[in-house]
4 protein chains.
Amino acid sequence: MDIRPRLREQRIETPSWAYGNSGTRFKVFAQPGVPRDPYEKLADAAQVHRFTGIAPSVALHIPWDKVDDYADLRRHADGLGLSIGAINANVFQDDDYKLGSVANPDPRVRRKALDHLLECVDIMDATGSDTLKLWFADGTNYPGQDDIRARQDRLAEALESVYARLGDGQRFLLEYKLFEPAFYTTDVPDWGTAYAHCLRLGPKAQVVVDTGHHAPGTNIEFIVAFLLREGKLGGFDFNSRFYADDDLMVGAADPFQLFRIMYEVAEEPGIAFMLDQCHNLEPKIPGQIRSVMNVQEATAKALLVDKNALKSAQEAGDVLAANAVLMDAYNTDVRPLLADLRREAGLDPDPMAAYAKSGYFQEISATRVGGAQAGWGA
Amino acid sequence: MDIRPRLREQRIETPSWAYGNSGTRFKVFAQPGVPRDPYEKLADAAQVHRFTGIAPSVALHIPWDKVDDYADLRRHADGLGLSIGAINANVFQDDDYKLGSVANPDPRVRRKALDHLLECVDIMDATGSDTLKLWFADGTNYPGQDDIRARQDRLAEALESVYARLGDGQRFLLEYKLFEPAFYTTDVPDWGTAYAHCLRLGPKAQVVVDTGHHAPGTNIEFIVAFLLREGKLGGFDFNSRFYADDDLMVGAADPFQLFRIMYEVAEEPGIAFMLDQCHNLEPKIPGQIRSVMNVQEATAKALLVDKNALKSAQEAGDVLAANAVLMDAYNTDVRPLLADLRREAGLDPDPMAAYAKSGYFQEISATRVGGAQAGWGA
Amino acid sequence: MDIRPRLREQRIETPSWAYGNSGTRFKVFAQPGVPRDPYEKLADAAQVHRFTGIAPSVALHIPWDKVDDYADLRRHADGLGLSIGAINANVFQDDDYKLGSVANPDPRVRRKALDHLLECVDIMDATGSDTLKLWFADGTNYPGQDDIRARQDRLAEALESVYARLGDGQRFLLEYKLFEPAFYTTDVPDWGTAYAHCLRLGPKAQVVVDTGHHAPGTNIEFIVAFLLREGKLGGFDFNSRFYADDDLMVGAADPFQLFRIMYEVAEEPGIAFMLDQCHNLEPKIPGQIRSVMNVQEATAKALLVDKNALKSAQEAGDVLAANAVLMDAYNTDVRPLLADLRREAGLDPDPMAAYAKSGYFQEISATRVGGAQAGWGA
Amino acid sequence: MDIRPRLREQRIETPSWAYGNSGTRFKVFAQPGVPRDPYEKLADAAQVHRFTGIAPSVALHIPWDKVDDYADLRRHADGLGLSIGAINANVFQDDDYKLGSVANPDPRVRRKALDHLLECVDIMDATGSDTLKLWFADGTNYPGQDDIRARQDRLAEALESVYARLGDGQRFLLEYKLFEPAFYTTDVPDWGTAYAHCLRLGPKAQVVVDTGHHAPGTNIEFIVAFLLREGKLGGFDFNSRFYADDDLMVGAADPFQLFRIMYEVAEEPGIAFMLDQCHNLEPKIPGQIRSVMNVQEATAKALLVDKNALKSAQEAGDVLAANAVLMDAYNTDVRPLLADLRREAGLDPDPMAAYAKSGYFQEISATRVGGAQAGWGA
């Protein structure tokens, strides 16, 4: 089978916040050349697309990417050859959200949070985005702090309101996360919770799998396969982790896991492949380029799996042969193939080297002086 | 609030296999006096009820408890003051099940497994049991070994057939488990998977929460609260664990967790409280007595929570006060109260001491000589 | 046995940073009345001691608690009835430390970090502190980022220099932590690493156990017992966690674990009992009071264990009896006993209520206006 | 750098028990052709060496491999081109060991266990083995069951006696394991415990790293690097796992982790590379062949790392470049190179296919009829 056509059409979305500063609760290490506003973030994202050829959309995060004129931002993106991807809501960085947003015991705070979510749909309308990404930091830190069931009722009510506001061709993706920042309960801690809420709401509500948000030992590709079977997988927030939500470059911690995930999903239509990770130590733009390449390499390997041979071995109950079919694809070095594809598309076969030679980093380091660097708080 | 009425009506089911030998893959340590057949297991279970007063039913495991005449076994139970509880199906101990039972790639094996499940419903009819417990050891050990989605299709098909066979007043409980004996994928690995299957089938299908079957860091009481809100919690398989599915006495590893679980469920009707644990090192009957007492103590503490005070503190967002209300109940020593309740019911206030003094252990050790001791394999 | 004498002499140290603002990487929620400088932090710590009677020392964190005149700060502490406890070094919040401090590949950064550590010993001299606490955020985020062994060499070299600088009656405690902020390797990830370094250096180097810094499934009381047997346990950083380094109030997540730890250590001399936790959602001073009480309650229960009965059951191999001896102590409600002890010492039997009634919080909320609230960054 | 010389001299030891039946506590699935005695196990091991060329030694497990005449067994091995590798002691499968072996509270049991360990040294003398492997299933299931420190004292005493018995050129390797079969405490749960005991004893005592015996999130290559720096790494028990001690084929669960481990150790002399895994579902001999190949492939990739380029990037603090050097080696397809090496050594380039074609499996399936198949219990 020729895997090139599928690889040619793959698209991976980068997140605006990957270009800003980030870090841990202990320290954010600032980097030179970091964007000061959403326009500069888009300019950086355009570099990732320029060298990889498969990253033409950018996710926004509100309010980090709040601007006065979203139509203008959209035009700016167009001019860079980009489109606006998912709108990510943020209901966790206001003092009001200390005990939660849409699940807060205080109805005033819930209303405020809901208004923000609805505003995000307005921004979708203005930017042409078709996807709203909902992650809630809601939860509790101590047993007894709040009522688990009551919080679900409040959450369900907010989701209904948001769902009702969605227009044709719009959807929301509900994200789950085991823990952090809430440490005892999290209101959407696992795929089952996200799934149950989305199922009740209808086809415009789907689950998004963030690869860093699971308990140790969780089999992520199982979740992916299960949600696909149920028609409820909306997309991925890619990143990687060794321990918790470490936000490392996708494929950096366990490239075999990424391959197994891509094997389940590589040929499925309509799944959003998004990066959701930060570059705390490494430079931002090459960090994104490498991440896009990692997803692409895993996809190529996944597509190389000989499905007929695999099926035969599986049906015969030949454990070693079936495993070997999968491993043959994984052990293949797909970098030459991908270099060819890039050449064919008029790109440099080595995106990392090409970016390094481009002088872009030197340019932004020299010119982006003064102003406040973008980060999680701004 | 007087918590005694609720405590008086609490019932906890013990499993027939708790009275037989068990162990790890490394070694089964035999114990004196272990039953040789289901009749002797019931006799032992009757001792647990005799001293605790709240354990009047016994779960069976087929084929470990296979007998020629289930009506006779039922009469034997009646004579001991017991009833037959859940019927536990076993589709994992035949060479045919090496690659799975209802999710096996081989249709012949699937048919055989399904026939066993249907036979278990026959046994429910014969014994008066209203609950079928389904745990599947199905899964794979290696990436590629089988197709994750295809296995779900096969599983769903079998569940439909079993569901269709259930009579009025009968239900099945679908159990999930993170891993073991399958090590790479498990076909029902988490509550979300069990929930999704049960939801599709209807009200006679519910989820059972085995407290030892979760990934590290999983908040079990959240799952309990969520399933209750969805009307899909059927019951518990109680045990405790430090690491994996350790099958220790419930409440032994984390009594505070047990209390938090009981807080969510203590006043809910229709939930089956079952023990599912083995006593590898400790003697069987007192191991069960202690376990029943542990659940009872956790229940008493849970019922002691001042719900009005808790609700006020939660609504006020007073984190420390809300936590303190819960902890006040947990820190209360409920043993005197439970001793009173036992005296009131004509029981010895100290079940462990009373059993030790009863001479039952000496009796079974002396008389149960010869024959094959019951265990997981028989 | 009368456990009161041991309880009367117990001392628990609170950390200056518990009184300042803290949070997660997502958000720090500010609280009213938070101290603006180390003097105000000490004033708050004095309240914890005032109501509990067992918290007369305060750990400092440099540079968060940097002052011009440490002798003056010491006099201020004296005046409040407090002494200065452990000095906590901080070599993770400067841009230079992005790739590590004493294990950094750059010798200039290593020198800078070492100078800070030596300065902390100067501060010990000036404040009368006898304990230096060393926690290194050092590690790497990506495979290959640095050489694991070379980093150990650099770490060992720095530890030797610090050790050589310690005066008579001074020691350092080396802290280990599984992960965070480093996500791939951590240079002191576990007790074994800390132990090996301390063993090589000599008796002034000991291991400190932070209860929140372990992998899932780790048996902390085993580590405590093992280090005690080796004479290498220096103290505890108490807090609790459900998942990672959650910094919740000690005893809040797993009070039974805290009891088991205290059972191993309650009667050992020379062990520093320190809190190391932050109060992200709950108010700071009562958060510390509750934490001190939780350690005290766990200690009282641990002291109640009938050691003779336990030893007899253990030697007889009576698993259930031995466990029951331990659980009898744990299940005892020790709050009345501790209330008595407080009355005897002239304290209010209910420290939480007494603090609430004292009006201190209202006072600091009203008067600490303006200035920069203390936090991790300042 | 030419990596072939190092690959030519690599040796991987297979375990006798890999050729017998194995399973989980739920079920052991028997396979056709399984050996009935140690002689037949050696014959099977010879097949692994025949097709891989790098597996010329076999570990024994006593008493599973007990024979009347070890000199005869050794001659049998010689005749097959094999040598006897590590002797593995077993002090966990006798009813006496229910509460432990060398750490048992009963001195009679401790003596019995020690006698077995000393007998294993006799067997080393008789078979020419230079390595004793010590894994203790010792531990407790319940808090309070036994005294943690007292058990360490007993363990230390036994280890001293064994150490004293070792002859010149003999050593023992102490294995650690997080949990199982003990569920609450394990007496040698982590590398730190094994290290501390070995350090005290001297150079003939070293730590063995079983890759499946760690808590979730543990960085195994860190442990490897640390033990190498301390001169205390004796060898590996290779296998792989997703969750617990799953005993899957090495490299099957996380090939990138295996590569990272091999990177630390590939050029170190004197390290024993042993497989310790069972084949519950897959056929035994090809399972071992595949495992040997997986270690070999990881070694080849590890040797391909450009150490100069890596060191330069590390010293420059170039996170992405350093990671890329490592990943370049990992992403290389080394299978052609290894096929060449096999041809050069007169072997079939495809060991799996060659074994399948050899007819050996058909032969043993037909001829090994009757008798008791070897397994963990025999």
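1. In the largest nonpolar core, which has 500 residues, F172(A), F172(B), F172(C) and F172(D) touch the most other members; such a core is a set of buried Ala, Val, Leu, Ile, Met, Phe, Trp, Tyr and Cys residues joined through side-chain atoms within 4.5 Å, where buried means under 20% relative accessible area with a 1.4 Å probe and protein chains only. Leaving aside residues up to four places away in sequence, F172(D) touches, among others, L132(D), L134(D), Y163(D), K204(D) and Q206(D), contact being heavy atoms within 4.5 Å.

2. This is a predicted model, in which local features need pLDDT of at least 70 and side-chain atom pairs count only at pLDDT 80 or more, while totals for chains, interfaces and linings use all residues. Residues are numbered from 1 along each chain as its sequence is written, chains are lettered from A in the order in which they are written, and side-chain values use heavy atoms, without hydrogens and water.

3. Of the 378 residues of chain A, 69% count as buried, and its C-alpha atoms fill a box of roughly 55 × 55 × 40 Å along the principal axes.

4. A cis peptide bond, with omega about 10 degrees, joins E180(A) and P181(A), and the bond from E180(C) to P181(C) is also cis, with omega near 10 degrees.

5. D247(A) has a positive phi, near 60 degrees, although it is a residue other than glycine, and it is buried at a relative accessible area of 8%. For D247(D), phi is likewise near 60 degrees, and the residue counts as buried at 8% relative accessibility.

Conventions
Buried means under 20% relative accessible area, exposed over 50%, partly exposed in between (1.4 Å probe, protein chains only).
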